[in-house]
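The following explanation considers a sheet and a set of charged side-chain pairs in turn. Please keep the sequence and the coordinates in view while reading.

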Amino acid sequence: MSSISEEIISTEEVQSIITEVADDASNVATENCNVDDVVNNELIESKSGRKIKPSKRMYDNYEDRKKSKSKSGKRSDWKSKSKRSSNNVPVVELENSVDKTAAVEIPSSTPAVCGYCHKGHLDDPLESGKMFSIAGVTTHYFCMLFTYNSSQLGADSEGLFGFYGEEVKNQIQNGKKKCKYCGKRGATARCNKKHCGVYMHFPCGQESGATFQFMGKMYTFCFMHRVKQKVETFPTPPDTDCVICYEKVDHQEDFKKIRAPCCGRHFHRDCVQRFAMTSGTQHFKCPNCNNQEEITKEFKKNGV
């Protein structure tokens, strides 16, 4: 009997040892389990495939990590909100703080030099437009109007016909490019032909035969890429006289003359430009045959 008892005791001891080993294995498996599954505090499957219950230590560690994530999330939210507000507030402040003072026209009798083209008052306003003073700088209107990548954000009554004083000033200060035709800096009118990259002053471009289009957006094309008329399909005119000034135009350079697509008559470009400025878009029509739609489209494309 003693041997049998001893044998039974030995079996119980072995069973106890097995239980302790299983508990240890369970603890190890608990530490290796997925943290996201522990929050439910239910039996989960460990990496070894056993169904185990998460330990208190594991659960406490998860709670600490959850709290730290929550705090860091609040900090990031605060930063993002701060960033959003910092982006929004200046926009509102900017709109309220922008100097919208209207530009002042400088009389032709008052000496002044344009900050872009370095020229003063020109005899013909078609060459540059009138001279204005705004935000401590002076500029021809057309020099500003054809500045590449400029922002005309205001109404016509604000700044220089929509160009705020700060914008005009910044564009003049940043105008470091040299003019293709005079070699001086301050050229801000850029040729819109892809991969061209020629910069020029407006008056220099006008004198050299560049095309400046007034078509809602302002487009500039240097002399090499200027817009040329295709007159092959135009009616044949009886003579080469300009219908406006009645002088011959046949000896003029091609960029100084233009033809009407409706009747084929010849014009000096300057004559047509002055006629268009006095007529306005609504009332502009061919001085010879009174055509309006066809000639307006053609002349706008050619920079009139």
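The paragraphs below treat the sheet and then the salt bridges of this predicted model.

Three strands make up an open antiparallel sheet, arranged in the order S3-S4-S5. Its edges are strand S3 (104-105) and strand S5 (137-140), each of which pairs on one side only. Strand S4 (residues 131-134) is joined to S5 by four bridges in the antiparallel sense; Ser133, for instance, has Thr138 in S5 as its bridge partner. Across S4 and S5 lies helix H5 (residues 165-174), which runs at about 85° to S5.

Turning to the charged side chains, the model contains seven salt bridges. One of them links Asp254 to Arg226, with 2.9 Å between the closest N and O atoms. Both residues belong to the loop between strand S9 (217-221) and strand S10 (257-259), so the pair ties together parts 28 residues apart in sequence. Asp254 is partly exposed, at 40% relative accessible area, whereas Arg226 is buried, at 14%.

Asp239 and Arg265 form another salt bridge, at 3.0 Å from N to O. Here Asp239 lies in the loop between S9 and S10 and Arg265 in the loop between S10 and strand S11 (266-268), so parts 26 residues apart in sequence are tied together. Asp239 is partly exposed, with a relative accessible area of 25%, while Arg265 is buried at 13%.

A further salt bridge joins Glu298 and Lys301, whose closest N and O atoms are 3.7 Å apart. These two residues lie three positions apart in helix H8 (residues 293-301), and therefore about one helical turn separates them. In this pair the acidic residue, Glu298, is buried at 11% relative accessible area, and Lys301 is partly exposed at 40%.

Note on methods:
Residues are numbered from 1 along each chain as its sequence is written. This is a predicted model: local features need pLDDT of at least 70, side-chain atom pairs count only at pLDDT 80 or more; totals for chains, interfaces and linings use all residues. Side-chain values use heavy atoms; hydrogens and water are left out. Two strands pair if DSSP finds at least two bridges between them. Contact means heavy atoms within 4.5 Å. Axes are lines fitted to C-alpha atoms, for helices over the stretch in contact, and angles run from 0 to 180 degrees between N-to-C directions. A salt bridge is a side-chain nitrogen of Lys or Arg within 4 Å of a carboxyl oxygen of Asp or Glu. Buried means under 20% relative accessible area, exposed over 50%, partly exposed in between (1.4 Å probe, protein chains only).
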